Amino acid sequence: MSFINYSSREINCKLVYYGPGLCGKTTNLQYIYNKTRPEAKGKMISLATETERTLFFDFLPLSLGEIRGFKTRFHLYTVPGQVFYDASRKLILKGVDGVCFVADSQEERYDANIESLENLRLNLNEQGYDLDKLPYVVQYNKRDLPNAMSVAELSKSLNGTQVPEFEGVATTGVGVFDTLKMLAKLVLAELRKGT
Amino acid sequence: MNPQLVMFEEELKQIQKIADRLQQDSRARSILLIDKNGALVAAAGAAHELDTTSLSSLVAGNVAATGGIAKLLQEDEFTGQFHEGKGMSINLSLVGRRIILVVLFDKNTTPGLVRLRVKRAQDELVPIFEELAKKALSPQSSPLPDITDQDIDNLFND
Ligand SMILES: Nc1nc2c(ncn2[C@@H]2O[C@H](COP(=O)(O)OP(=O)(O)OP(=O)(O)O)[C@@H](O)[C@H]2O)c(=O)[nH]1
Ligand SMILES: [Mg+2]
């Protein structure tokens with residue numbers, strides 16, 4: 001849940017990038033970090049294994065600017081995608097304001113995508129959230145690879161509720177900011193509702 | 001699911017006063033109050049020397065992980081943590097269900113004194129955050145009732 005500070009006039013929101021192992025969650029954050037001007041970002045923290053797999057989370061704080069006199073701060077987190085880190089994933093989801101599901105477009109990762117999405121729903125439910133009520137976007141990443149499935153196929157199996165979806169190549173940045181912007185917008189729109 | 005956290009001028013002043021006094025009474029370097037989601041709520045002492053944003057997220061992650069361990073052991077929650085370094089030590093404790101109280105200190109004081117003063121500050125802080133939790137539930141606390149799609153779009157026009 002967001003933290004609204006009326007005293008310092010700041011809004012803090014937590015966005016979580018979720019998805020199967022190696023789908024490109026960390027790469028999304030690295031790209032955002034590299035392309036954001038220094039004043040708008042803090043340090044990126046990656047708690048990772050020696051082989052660069054996310055162990056607990058990546059964290060990237062962004063200040064996007066002011067809206068009606070309130071500074072907007074977004075805290076971006078990634079979860080560890082490997083199946084056996086489920087306990088950590090649950091912890092990262094606590095207090096989430098918006099979710100981006102990053103799918104791996106490669107044919108051989110089809111089952112991993114489905115499994116991760118089910119895991120996301122389940123873990124949210126456990127904490128009293130409903131994915132269908134949260135600000136939520138989907139990114140089909142690794143569009144550059146030859147074994148990528150068609151977006152139509154991916155959309156059919158991974159985006160039944162037709163939330164905003166984007167094609168991505170996180171390594172070169174394709175779709176990365178479009179995805180983030182949409183998610184941030186949805187979160188702010190939710191805040192406007194005053195839930 | 002935790003309700004939204006809000007902070008107002010009045011409560012922040014009270015919290016700041018308690019944090020400032022805790023910092024002095026315990027002879028600590030700095031005091032941080034962090035919400036469990038990793039956002040900084042208040043700071044006292046030499047906090048400007050610190051990367052408080054990174055610290056807040058790591059402390060919150062640490063407390064979340066420890067809370068997860070507690071749950072696995074059928075403990076409700078561990079009440080505190082203490083990490084001792086050569087120069088700096090850190091004491092983490094909970095204020096209610098939502099806030100983490102962090103004391104950073106050096107050889108200028110002792111863990112015993114810190115714990116003693118923390119206890120008192122906790123007792124004073126709990127009712128303030130309870131009051132804030134109540135206020136968060138009242139409907140007028142949406143800060144952006146009249147923001148437009150244009151306002152949101154403007155954020156991204158860089
Ligand atoms: N070809 C290609 N490779 C990508 C793309 N995005 C990420 N990768 C690569 O995929 C690998 C894994 O990316 P990460 O971002 O670490 O994956 P992750 O989702 O964070 O993985 P976990 O931390 O294990 O959950 C890296 O070698 C990236 O360079 C992409 O769009 N295209
Ligand atoms: Mg990762």
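**Figure 1. Contact between chain B and chain A.** In this predicted model, 38 residues of chain B are in contact with 41 residues of chain A, where contact means heavy atoms within 4.5 Å. The two chains bury about 3600 Å² between them, and carbon and sulfur atoms give 63% of this area; buried area is the accessible area (1.4 Å probe) that two parts lose on being put together, summed over both. Residues are numbered from 1 along each chain as its sequence is written, and chains are lettered from A and ligands numbered from 1 in the order in which they are written. Local features need pLDDT of at least 70, side-chain atom pairs count only at pLDDT 80 or more, and totals for chains, interfaces and linings use all residues, while side-chain values use heavy atoms, with hydrogens and water left out.

**Figure 2. The salt bridge across the interface.** The rule finds 1 salt bridge between chain B and chain A, a salt bridge being a side-chain nitrogen of Lys or Arg within 4 Å of a carboxyl oxygen of Asp or Glu. B:D51 forms a salt bridge with A:K43, and their closest N and O atoms are 3.3 Å apart.

**Figure 3. Residues around ligand 1.** Among the 19 residues around ligand 1, those that come nearest are A:K25, A:T26, A:T27, A:R53 and A:G81; a residue is near if one of its heavy atoms lies within 4 Å. Polar side-chain atoms approach oxygen atoms of ligand 1 to 2.7 Å from A:K25 and to 2.8 Å from A:T26.

Terms used:
A polar contact is a pair of N or O atoms within 3.5 Å; within protein, one must be able to donate a hydrogen and the other to accept it, and residues adjacent in sequence count only if both atoms are side-chain atoms.
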